[in-house]
There are 2 protein chains.
Amino acid sequence: MKDVVEIKSLFRESEKYADQEIVVEGWVRTNRGSNKFGFIELNDGTFFKSVQVVYEAEFLDNFEEISKAPVAAALCVTGTFVLTPDAKQPFEIKAKNIVIEAGSEADYPLQKKRHSMEFLREIAHLRPRSNTFSAVFRVRSIVAYAIHKFFQENNFVYAHTPIITASDCEGAGEMFQITTLDLDNPPRTEDGEIDYSQDFFGKKASLTVSGQLEAEIFALAFKNVYTFGPTFRAENSNTARHASEFWMIEPEMAFADLTDDMDVAEAMIKYIINYVLENAPEEMEFFNKFMDKGLIERLQNIVNSDFERVTYTEAVEILQKSGEDFQYPVEWGIDLQTEHERYLTEKVYKKPIFVIDYPKEIKAFYMRLNDDGKTVAACDLLVPGVGEIIGGSQREERYDVLKARIEETGMTEEDYWWYMDLRKYGGVKHSGYGLGFERIIMYITGMSNIRDVLPFPRTPKTAEF
Amino acid sequence: MKDVVEIKSLFRESEKYADQEIVVEGWVRTNRGSNKFGFIELNDGTFFKSVQVVYEAEFLDNFEEISKAPVAAALCVTGTFVLTPDAKQPFEIKAKNIVIEAGSEADYPLQKKRHSMEFLREIAHLRPRSNTFSAVFRVRSIVAYAIHKFFQENNFVYAHTPIITASDCEGAGEMFQITTLDLDNPPRTEDGEIDYSQDFFGKKASLTVSGQLEAEIFALAFKNVYTFGPTFRAENSNTARHASEFWMIEPEMAFADLTDDMDVAEAMIKYIINYVLENAPEEMEFFNKFMDKGLIERLQNIVNSDFERVTYTEAVEILQKSGEDFQYPVEWGIDLQTEHERYLTEKVYKKPIFVIDYPKEIKAFYMRLNDDGKTVAACDLLVPGVGEIIGGSQREERYDVLKARIEETGMTEEDYWWYMDLRKYGGVKHSGYGLGFERIIMYITGMSNIRDVLPFPRTPKTAEF
C-alpha cells in the first residue's frame, strides 16, 4: 500500500518532507490553469488549510482530464514536495501523477463563492466542506476533547446519565414524550385515560432535560464526576441561541461548596480556551478575521483574568446606581436580563464575573438555602460578549430543608425518593454546574447562531438529515 | 481552606506523605473497634481502595461519637500518615481529629455483605458505592476517555450526529417515536390520519438507531471522524446483552477500504485494553479475582495477537468440516450464530478474528458489493469469550450500485437524497464500523449483564432513576 501523507503533517512538519516524493489524497477546492499547467487547491479534511498542487502538461499523460477535474472531485496525487519560502503559500506539490478517485457533478452546490448561512443550513450534508464549517466542527471536536481531558486529568469520573427518563419532575422545561404506543389508536384504561402501563417502559417517558440529579448520585460515590451528553427542550423558541437538542456538561463535586464549584468552573473555562488556542491556531485566526475581529484578544483576556465574584444583591445595587436606561427596570428579586448581565461583565468589571446568592424564588428547588433564608447558594458565570454561560449551585444537602422546599414549590416528595435518599445516607455538601456545550462553542468561534455550531440542528419544525 | 488529600494520591505517592500530617475526607465503608480504639475503612470515591484510619480514645474528644459513626457517614479526618510495610494494608492514618460531615441512617441498604445483582439494580442510586460498581463505572469512564484519546491523537474529528431523527429509514431496528402531540386527543387531517405537520418537528420523529449515515457526511469532509453517543432500540428483548438505550462509537474513514477499516479497529481495541490495564490496575485485578478468573490473561492475549482475517466462505467451510454438533446447522448464506462465532475464535483460531465478505442478503444495503456480485465488503470482529464485538464495512460509494441496492431492498431513493448526494460529489471510497460501548465494557470487566455496566439501564418496562 502506498504511504499517504496527511496534509496536516505537511503543514506541521514541512521540513521533514522537503524535496521528497510524497503521495497525498484529497478533494479539489479550486482548479485553475492554462493549457500548459494548472493549480489545484487540494484539501483532505485533516487540516484547515489546503495544499497547492502544480501540474503540467509536460509531465501528465492525463493533463486534459485533470485540468477539467471539478470542485469536490477526489484525487490521489504523487509528486515532489517543494518549500516555496518566497511565495504566498509556504510550499507546493509538483505533480508527477494524478489519479481521479471520484468525480463530482457540475451542479455541486458548494462552489467557491459566498453563500448565506441560511442556504448552507439547507445543505448541511455538504457545508462541513466549506472553510467556515470545517473550522467550526473541528473546533467543536477539539473543545469536546479538551473538556474530557480537563476532567479526566483531574480524576473526575465521566457519568453517562440516562437520556430517557420516566420522572416527569426534573422541572427544567418542556419535555419531549417518547412512546411506542400506536398514536392512532392508543390503549386506554377503563377510565378512558391513555394506558401507559402498556407503553414500552410501563409508564410515561420523556427525553431528559438535565443529568444533574443523577450526577449527584455519582458524585456521592466518586466525589468528582461530570456528564457530557445530549439534552432536550421541547420549547417552541425560534431564537439564535436555542435548539431542541443540544449537548451539556454537568460536573458535580462532593465535599465541595459554592467557592469550590466556582474554582473548578473558572479553571475549566481557562483550560478549554488555552487548549483550543494552542490546538486550532489556524481556525481561530480564521474566526478572528472573518467572524469577530476582537475574538482572540477577548479570549486571551479571559485566560489572563481572575474572575470576579459579586453577590446578586451587590449586582442589583450597582445596576440601580448605574444611571443606565435599561429596558427591564432593576429591583431586588428580578431575574437578571442579558442587558444587565452584559453591562456588569462588559462595562463594570470588564472581565468574567460570577454572580452568586440569588433570590430563592427565581432559582431551582435543589439549590442550597443560605442562612439569610432569602437567597440560595447559586452562581452564574457572566462573560463579556454573551452574558450567562454557566449556571451552578451548591445543592441542598439537608433533608428537612429540601423536603420543605419541595413542598413549598408544589412538588411531591415521593417522586424524588432516591434524591431524598441521597440526603439520608452520607449526604455531604456538594456542588455542581451546567455548561451548554453549544454556548461555549459559539463563544469561542464567534458564530452567532446555534444552528451553525450544531452539525445537524434540531429546532421547531426542523429535523432534516 | 484546608488542603485535602485525595485517597488516590495516598496510594500513588505514598512516600511523599510518609509521617506527614494530612487531611482526608470520605465515607465510612466499615467501622469496627473496642472501647479504647477503632478502625475505619474510609473511601473518598477518588480510588478503588480505601484507606485505614486508626482512632484512639486517648486522642479524640469525640471518640464515643466516632466509634458509632455508621456505614456511609461522611468524615473529615486529620491525622498522621504512617507507612506500615509489615501490615496487611500498606499504610494507615493515625487520627488526631475526626469531624462527622454527614451522618447516615441505620437502614442504609448497602451494608457490608453480598447483595444480589438484582437487588443492587433496585438501588441504582447507591450501588456505585459498592466495590463492584465503583470498579465498573470507573472503568467505564476510563474506557470512554481511552476511545476519545485514541481517535483524537490520530486526528479524527468527533462528530455529534443527531439523536432525534425524522428519517424513518435507518433500517437498523425498531424505533422510539418522539412527540409533543396530545396523545389523548391528537390533531388529525381531513382523512382522519394523525396530523404530524402539527407535531414539534412538523413530521414524525424518532430516536436514532445509528449515527453512521451522518458520520459518512463528516468523513467525506474531514477524512477521519468518529461518533460517540447514545443510540436506541425499541425492541422488546429481555436478554443480558440488550438495552433500549446504549452508547455507540462509529468511526468513519474516507479514502479507506475494508483493510484500512480493520486496521483501525484492531489498533483501537488494543489501545483501549492497554490503556485500561495501565490506568485501572486495581479494578482489573478485582474483576480478574471476583468476576472472571482468566480475564487479564485473555485481554493480554488480545493485545499481543495479530488478529486473523478469514472470509465468510472460508469460515463456513471450517464450521462444516469441524464435526461439531451445532444447534443451528451451517450452510453458506446463514447468519453466523454466537455458537459458530465462538467456535471460530475460541477453538479454531484462539484469538480475535475478522470474518469478511458476507452474503449481501444478510447485511445492510449500504455495504459495498464485491465483484462476485454475491458478497459485500463487511467485517465482523469476533473475540474469544463473547463472539461479535464490532461490525463494519466498506460503504457502497458507486451511485448506480447503491441506487439498485436501495430499490432491491424495497426502500425509496428520495428518502436518501442527501446520502445519494454524497455519491455524486467526490464520493470517494470510505469505510467504518460500529462498536457497542457497553459490549466492550462487559468484555473488559467480565460483567455478564448489560444492566450492570449501564449507570441507569433502560430496558422494557424499566426506566427508574
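## A sheet shared by both chains

Let's start with the open sheet of 6 strands, which has the order β7(A)-β9(A)-β8(A)-β8(B)-β9(B)-β7(B) and antiparallel pairing. Strands here are DSSP runs of E with at least two residues, and helices are DSSP runs of H or I with at least four, both numbered from the N terminus. Two strands count as paired if DSSP finds at least two bridges between them. At the edges stand β7 (164-165) of chain A and β7 (164-165) of chain B, each with a single partner strand, so one side of each has no neighbour in the sheet.

In chain A, β7(A) runs antiparallel to strand β9 (residues 205-207), and 2 bridges join them. A:T165 has A:S206 in β9(A) as its bridge partner.

## What you are looking at

This is a predicted model, in which local features need pLDDT of at least 70 and side-chain atom pairs count only at pLDDT 80 or more, while totals for chains, interfaces and linings use all residues. Residues are numbered from 1 along each chain as its sequence is written, chains are lettered from A and ligands numbered from 1 in the order in which they are written, and side-chain values use heavy atoms, leaving out hydrogens and water.

## How the two copies meet

Rotate chain B by 180°, with 0.0 Å of shift along the axis, and it superposes on chain A with an RMSD of 0.0 Å. The two copies are thus related as by a two-fold rotation axis. Within chain B, B:I178 comes closest to the rotation axis, its C-alpha lying at 2.2 Å.

The contact (heavy atoms within 4.5 Å) takes 117 residues from chain B and 117 residues from chain A. About 9600 Å² is buried between the chains, 61% of it on carbon and sulfur atoms. Buried area is the accessible area (1.4 Å probe) that two parts lose on being put together, summed over both. B:H160, B:L183 and B:Y425 supply 9% of the area that chain B buries against chain A, more than any other three residues. And 100% of the interface residues of chain B are also interface residues in chain A, so the copies meet through the same surface.

## The barrel in chain A

Chain A also has a closed barrel of 5 strands, running β1-β2-β3-β5-β4 with mixed pairing. Strand β1 (residues 21-33) pairs with strand β4 (residues 74-83) in the antiparallel sense over 7 bridges. Along that pairing, A:V24 stands opposite A:V77 in β4(A).

## Helices packing on helices

Helix α9 (residues 295-304) of chain A packs against helix α14 (residues 437-445) of chain A at about 120°, with axes 8 Å apart. Axes are lines fitted to C-alpha atoms, for helices over the stretch in contact, and angles run from 0 to 180 degrees between N-to-C directions. α9(A) and α14(A) are therefore oblique to each other; angles under 35 degrees count as roughly parallel, over 145 as roughly antiparallel, 65 to 115 as roughly perpendicular and the rest as oblique. A:L295, A:R298, A:L299 and A:I302 of α9(A) make the contact with A:Y443, A:I444 and A:T445 of α14(A).

Over in chain B, helix α10 (residues 312-321) and helix α11 (residues 338-348) pack at about 80°, with axes 11 Å apart. That pair is therefore roughly perpendicular. From α10(B), B:A315, B:I318 and B:L319 meet B:H340, B:Y343, B:L344 and B:V348 in α11(B).

Definitions and conventions: Copies are superposed by least squares on the C-alpha atoms of residues with pLDDT of at least 70 in both.
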